[in-house]
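Please open the model in your viewer and keep the selection panel at hand.

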Amino acid sequence: MTTPDDTGTPDWDDTTATLRDLFAKKDAAGDVQTAEPELSTFDPGGPVAVVDGDAVLEADGRDAAVQDGPAESQSSVNDTPEPGADDLPASSVVTQTPSPDEGEVSVAPPEPAVVEPPAAPAQQPVAAAIPEPTAPPPAPAAMPSGVSDDLEEEVYAPSAPVSGPVVGDVLDGYHLNEELGRGWFVASPVGSGPSVDVYTRPEPLWATAQAHRALPRFTRAGALHVLEPVAGEPIAAPLAVPTALASLRELTQLLFALERQGLVVVDLDPDAPRVTPQGVRLRFPPRLARVGDVPQVAVREGITPPEVLAGQPADPRSGVAVLGALLYRWLTGRTLPPEGASDAVLGAMTVGGVPQLLRGMLGPPEERLTPAGVLATLKTLTAPPLPVYHVAAATDVGLNPERPTNEDSYGFTWRQLGLHGASELVLRACVSDGMGGMAAGEVASAAAVQGFLGSERSTLPEMVWDANAAVLTAMAGRDGGCTISGVELRGAALHLGHVGDTRAYLRQGGAVRQLSRDHSYVAAMVASGQMTPEEAQVSPERNKVLRSLGSLRVPQENYVQTLDEPLQLVPGDRVLLVSDGVWGEVPDAELFPLLDTLPVQELVDRLIALALASGAPDNATALVIERVR
């Protein structure tokens, strides 16, 4: 190939000769598959045919074809193959344009810029190759009725064989009537009898657990486990907070008992708990796993603990998460969402401590409460509020000219602590009557009151014996003593310690009754039938007592009267302590109505006034305690 002259005009004859030499070399080498040459300056984007007389050259590097009329008359006109990529210079571009003189394909020489094919002569119009028409695609087949091809899916019928019993089977004398899932069926005896719940899978772990009042009882019938029916209604959400917490306590006690056996609750049907007269019982037992084992995952929406879903070993806290999800359902009426209880839901609760309890039960396993921790929290949450009491007292020396000193004494102390989980209220009160006619009766009664109120003992008899010791110390060998009626209220529980003939009354439920027994001569005579109560009321021996403080140095068993069981006071209940200067002058028929009607301060003032109105031959003292809330 010659070099272009200074004017840039190529020598076309030499170019044609060079191209023929290249074709001849390739023909001599044989039909060898070569790669398509890269186009450095022009890419038509697909095969382009240029017609010049009879010759057409396609741009994809294959042999040219002759278009001479209709497509079916085409024939090969040039058997010479194209030059390969190695043979054609990288800067050469085959331009698909006919030569006006020779009707041959021309090869453009290398150019420094992009080479555009020259336009065809006017007398030789270029006609584009017309592709053969293609047949339209076949119409899609009609889909069967009820089948959608929106996602181009094909639904196959189940091919796995049915495993296990099915409805209609008869197993070990029971006909399976209804499948409940997870191995449970409603079944009826083949002969006759009511329908029962049966479990058909072999050796469930819950059947190995020790009996518990919340677990259903069962019997075996061959391979079946037949549950005894549980009377009671399902727990319907939403529940009041106290009701929900009471039910939660019973189920948490079940968790605690199972934990001691090395078992963990990993699933529980939310409809299984039933309210019965004996408390909460489960219609179906919970699904259990052994501590440290990885349980098989049986997903129940809003119930299954996240660590069980993640395939982690079972832990007693897993059961706490199950009950936490149940408590969430009871309080909100909704299923626990996968992300857990939101701050918005917890913040909307109006009972203090409940949001914190839910957070502690539904948190991550490492932060979650244990069953024992839940029980401790419930003890704090369900502890009743401290009661509220009103106390009033009054005393008078009386009208007896021979008794210038008031030998009655009274007192009360009130200790109240508000501590988290340890709030308490202790109210202690007493009335003491120094025995008349003995030396320093007022010293004895004062010492008894101080000894009783200051005692650090835990039982009422011990407190009374501390009062007795205080009397002995105060009297210092002198002849004297006193009686005492003392009470202690621990929260709402009333305890009594009594010696002598002072009295304690209780007004409760609209009725008034005497709690103490008189340790006196006339009381013993009445008890033995030798004297009537009316005779004792006017007997000159009525002031003689058989028991007193200061008369014994060594405590005696059963010397101090107590209650068989503490009495629980409710709002409106009253306790009245009086000396014999009141009850001896104000008969029960007059005293009881007053105890039921008057406010506490008016009551004690009225009792003292009535005693004075009756002559008040003795000192008169009254103290009343009322629970108002």
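For the residue classes used on this tour, Ala, Val, Leu, Ile, Met, Phe, Trp, Tyr, Cys and Pro count as nonpolar, Asp, Glu, Lys and Arg as charged, and the others, Gly among them, as polar. This is a predicted model, in which local features need pLDDT of at least 70 and side-chain atom pairs count only at pLDDT 80 or more, while totals for chains, interfaces and linings use all residues. Residues are numbered from 1 along each chain as its sequence is written, and side-chain values use heavy atoms, with hydrogens and water left out.

**The second largest pocket**

A pocket here is an open set of points, on a 1 Å grid over the protein atoms alone, with protein on both sides within 12 Å along at least five of seven lines; a cavity is a set where a 1.4 Å probe fits but cannot get out, and lining residues have an atom within 4 Å of a point. Grid points are joined across faces, edges and corners, and a volume is the space filled by probe spheres set on the points.

The second largest pocket holds about 660 Å³ of space. Select Arg182, Tyr199, Arg201, Trp206 and Arg287, which are the closest to its centre among the 28 residues that line it. Next colour strand S6 (174-181) and strand S15 (287-290), the elements that give two or more residues to this lining; helices (H or I, at least four residues) and strands (E, at least two) are DSSP runs, numbered from the N terminus. S15 gives the most, with four residues. By class, the lining of this pocket divides into 17 nonpolar, two polar and nine charged residues.

**The second largest cavity**

To see its lining, select Leu251, Leu254, Leu255, Val265, Leu268, Leu282, Pro286, Val322 and Leu323. Helix H2 (241-259) and helix H4 (316-332) are the elements that give two or more residues to this lining, and the largest share, three residues, comes from H2. The lining of this cavity has nine nonpolar residues, no polar and no charged ones.

The structure holds zero disulfides. Cysteine 430 is buried (under 20% relative accessible area, with exposed over 50% and partly exposed in between, for a 1.4 Å probe and protein chains only), at a relative accessible area of 0%, and cysteine 482 is buried with a value of 0%.

Conventions: Disulfide = S-S within 2.5 Å.
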